[in-house]
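Let's take a walk through a protein together, from its surface to its inside.

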Amino acid sequence: MTDRPSWAPQGIDLTVPSVSRIYDYFLGGSHNFEVDREAGRLVMKALPGIAKIGQANRAVMRRAVRFALDHGITQFLDIGSGIPTFGNVHEVAQAASPEACVVYVDNDPVAVAHSRAVLEGNERATIAAADLRDPRSILEHPEARRLLDFDQPVALMLVAVLHFLRDDERPAELIATLRDALAPGSVLVITHGTLENSPTVAGQHAAHEVYRRTSTPVVTRTTAEVEPFFDGFEIVEPGIVPVAYWRPDSPSYDEDDPVLQVLAGVGLKA
């Protein structure tokens, strides 16, 4: 029988892999079990480079959080957050600014339950059970209202979540609803899967086949398709680029590096 550590909430089946804990495994975190690691190894076999992509995505998120802090923003709304461990938004923001407030949002009950356990005792970080497909439920959620002042700038984090929305779910309209609730000076952070930097056509087909076999298939988009998500925001330099090239700490990637298959962009609301 699997031992249940203190951070694992009661009622969570530890024999069933969790998408959130698998992602934690990719990041090198400790909030996962052998069942998650086994599933993660299968994913890595089918899609080599996925762990590196996850790590690069988390790294650009940290750089974007620092960008927001440099612009005086100490409020963060992170939608589709998963389990907030291993260098996530609240750790980065509160290390630099102890008064920083972070509201995580996820619609996965496993992620929500784990998040509550991980964030226990942190009065300036919380998790709201809500769905990006219903942005009003996020904006009106008691936890969001408790910690965030929407009359002041907020950093809206949509990190690796929009590519789980189909076009017919109108992601641009969902973002616009959130944007209209934000004060001037707010920041929008987006990372999004793409295949326009995939080194081979065969690689593109293989990736799509993997996505089709999952319960949450990914909708990859081009730079031109991601750009409308920033309507109402001024995209800051260097624009919408592969995560490796968004204000990197140490740029050193090959042209066929898998991390180039994720785009990143940051916008400022005037």
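This is a predicted model: local features need pLDDT of at least 70, side-chain atom pairs count only at pLDDT 80 or more; totals for chains, interfaces and linings use all residues.

Residues are numbered from 1 along each chain as its sequence is written, and side-chain values use heavy atoms, with hydrogens and water left out.

The protein has 10 helices and 8 strands (DSSP runs numbered from the N terminus, with H or I and at least four residues for helices, E and at least two for strands). Of its 270 residues, 52% are buried (under 20% relative accessible area, with exposed meaning over 50% and partly exposed in between, using a 1.4 Å probe and protein chains only). Now look at contacts (heavy atoms within 4.5 Å): among those with a separation of 6 or more, 70% are between residues 24 or more positions apart.

What sits in the middle? In soluble globular proteins, nonpolar side chains tend to be buried together. Here the largest nonpolar core has 33 residues, and Val-65, Phe-76, Val-89, Met-157, Trp-246 and Val-266 touch the most other members (such a core is a set of buried Ala, Val, Leu, Ile, Met, Phe, Trp, Tyr and Cys residues joined through side-chain atoms within 4.5 Å). Helix 3 gives the largest share of this core, 9 residues. Apart from this core lies another one of 32 residues, including Leu-178 and Leu-182. Zoom in on Phe-76: beyond its neighbours within four places in sequence, its contacts include Val-65, Val-89, Cys-101 and Met-157.

Next, find Thr-126 in strand 3. Is Thr-126 buried or exposed? Its relative accessible area is 8%, so Thr-126 counts as buried. Leaving out residues up to four places away in sequence, Thr-126 touches Val-102, Val-103, Tyr-104, Leu-119, Glu-143, Arg-146 and Leu-147.

Helix 1 covers residues 19-26, and Ser-20, Arg-21, Ile-22, Asp-24 and Phe-26 are its buried residues. They pack against helix 2 (34-46), helix 3 (50-70) and helix 5 (109-119). After helix 1 comes Gly-28, with a positive phi near 85°.

Rolling a probe the size of a water molecule over the atoms shows where empty space is left. On a 1 Å grid over the protein atoms alone, a cavity is a set of points where a 1.4 Å probe fits but cannot get out, and lining residues have an atom within 4 Å of a point. Grid points are joined across faces, edges and corners, and a volume is the space filled by probe spheres set on the points. How many cavities of 30 Å³ or more are there? The count is 2.

The largest cavity has a volume of about 40 Å³, and helix 1 supplies the largest share of its lining, 3 residues. Ser-20, Tyr-23 and Arg-58 are among the lining residues. The second largest cavity, of about 30 Å³, has Trp-246 and Val-266 in its lining. Helix 3, strand 5 (187-193) and strand 8 (262-269) each supply at least two residues of that lining.

Conventions:
On a 1 Å grid over the protein atoms alone, a cavity is a set of points where a 1.4 Å probe fits but cannot get out, and a pocket is an open set with protein on both sides within 12 Å along at least five of seven lines; lining residues have an atom within 4 Å of a point.
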